[in-house]
Amino acid sequence: MLPQLVAAVIGVVSLPLYLRFLGYEMNAVWLYVTVLNGMFGFADLGLGMAVGRYVGVALGNKDREALQAYWGTGNAMIVPFLTAMAFLFMGIGVWLGPKWFNVSPQNIFLLRECFVAGGFGLFFAYYSQYWNILAQAHLDFKFVGILRVVCTLAQIIPTVILAALTKNPFLLVVWSSFIGLLQLLAFVWHGRTHYKLGFHFRSARLARAREMSAYIGKNFLGLIVASAFGQIDRVMLGRFAAHVSFVNYTWAANIGSRLQGLSVSVMSPVFFNSARAGGDRNASAAKIYNDTFQFVIDWYLLAALWVSLWHPVLLRVWLAHSMGAQLGQQTAALVAPLLVPLVIASCISAISSISSAQLPSINRLGTVVIFCIIGGLLTVDCVLIGWNHHGIVGAAYGFLIARVANIAQDLFTIRLVKAGGWLDLHTWKKFAAQGVVAALFGSAYFFAQKDSYWLLFPALLHGSSVALWILRRHIMKLLGITETIQAC
């Protein structure tokens, strides 16, 4: 979770700085490249998850020959496909980018330059992710965490400096691509050194490709669907909304995405431990789901309630002190009505990451694809209806309503593996307890204005007290209190 947490904190802190240094249009140009990149989630052909699953099975069976064959076959397939996808990204960006996204005529060439540089970044990022999966299949999460923390800091901090010095989004994209290359080289070195696995093109076998083909096909279809609908709200608003509205919506969505990104840290352990599970698979799957759900629900419930309750003063502190009082207050007023629905929506999506990781591991990838299609179509309809009736705020609430598809996927998984999750009475006791605590601290609004700095005190007390309660067992264990009680 550490790299995701670092990325979330650094990302949130840096958001207003990019706008301050780049301005609305240059910031939008940079975000357009990011949005299109998000629609290329299928760029690895679905091989990452597929090969990771088979590598996990081979490791569980201690079959070194099969391990090399699966890995080499995946390498032989992914390199040419990723190369083709990188050029396709450049072509679409250069050709359709200026026609779809709102950009002034004098910045069309700059937008095209950014898409070309982004194509190289796409290749490095997705091939790096492929090698990342190799480390995760070996349950080497410590190395993955350290490397991603270093790369996150090396990417974001210099891009903020470049934005301040040059005000040129092209240089930001180039630097991000360069860090992607360094991360790839680090993963390759680690794989060769610690797992004795290189590219192994000579170990590639047609028989292994055929064996994985059905799973790869379903995963590829799922990635296409997820990529098409993953940022469909921002793609639509990039067409309809003006620069200011698009940037403010993307800001609020980015904060939600940072929170949701923390759930990525549980997906790999859920996926690879479920793939390795032996014996009574249903019992193992249920335990993995229940343990992970109960851990995740505490934190995302706190995040949703805390942001919803204290966002006026949080936005004032965050934006006014990083953008200047006048611009900060104006931006806070525009972001505030978008932040609550988008953060809640992201928390719901984050919780469903557990089922999204577990279903493929028990060979139910097709089910994930179906739910993804339903959720994507529902998002298009709800965002469009919300935009037509209530503008950018309506679009945000439309996105929230569409998260009902994520809850439906969770309920299907819970029934399939006979888990608890949303149907566990303990879960709703947590909702009630945190709701009461939030209401008690929220009574501070009777004594201060909604964005008063005095509200920072109850906000910090609220967040820290609930966090300490969630961590109480870990703290007691760390301090040796649990052992002392048991000894007595």
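Reader: How much space lies in the second largest pocket?

Author: About 1000 Å³ lies in there. Keep in mind as we go that this is a predicted model.

Reader: Which residues lie nearest the centre of that pocket?

Author: Val-9, Leu-259, Ala-303, Trp-306 and Val-307 do, out of the 33 residues that line the second largest pocket. Two or more lining residues come from each of α1 (2-38), α9 (243-261), α11 (281-323) and α17 (456-470). Helix α11 gives the largest share, 13 residues.

Reader: What makes up this lining: how many residues are nonpolar, polar and charged?

Author: The lining of the second largest pocket divides into 27 nonpolar residues, five polar ones and one charged one.

Reader: Why is Cys-151 called buried?

Author: Buried means under 20% relative accessible area. Cys-151 has 11% relative accessibility, so Cys-151 counts as buried.

Reader: Where is Ala-405, and why does Ala-405 count as buried?

Author: Ala-405 has its place in helix α15 (residues 404-417). Ala-405 counts as buried because its relative accessibility is 8%, and the cut-off for buried is under 20%.

Reader: Which residues is Ala-405 in contact with, leaving aside its neighbours within four places in sequence?

Author: Those residues are Phe-371, Ile-374 and Gly-375. As for Ala-84, its C-alpha atom is separated from that of Ala-405 by 33 Å, and the two residues are 321 residues apart along the chain.

Reader: Which residues have the most contacts inside the largest nonpolar core?

Author: Trp-131, Tyr-249 and Trp-251 do, in a core of 125 residues. Helix α4 (residues 108-137) gives the most to this core, with 16 residues. Another core, of seven residues, lies apart from it; Leu-309, Trp-310, Ala-438 and Ala-444 are among its members.

Reader: What is Trp-251 in contact with, once its neighbours within four places in sequence are left aside?

Author: The partners of Trp-251 include Leu-15, Pro-16, Leu-19 and Asn-27. Trp-318, Leu-319, Met-323, Thr-331 and Val-335 are also in contact with Trp-251.

Definitions and conventions:
Residues numbered from 1 in each chain as written. Predicted model: local features only at pLDDT ≥ 70, side-chain atom pairs only at ≥ 80, totals over all residues. Heavy atoms only, no water. Core = buried A, V, L, I, M, F, W, Y, C linked by side-chain atoms within 4.5 Å. Buried < 20%, exposed > 50% of the residue type's maximum accessible area, 1.4 Å probe, protein only. Helix = DSSP H or I, 4+ residues; strand = E, 2+ residues; numbered from the N terminus. Contact = heavy atoms within 4.5 Å. 1 Å grid on protein atoms, 1.4 Å probe; cavity = no way out; pocket = protein on both sides within 12 Å on 5 of 7 lines; lining within 4 Å. Points joined across faces, edges and corners; volume = space filled by probe spheres on them. Nonpolar A, V, L, I, M, F, W, Y, C, P; charged D, E, K, R; others polar.
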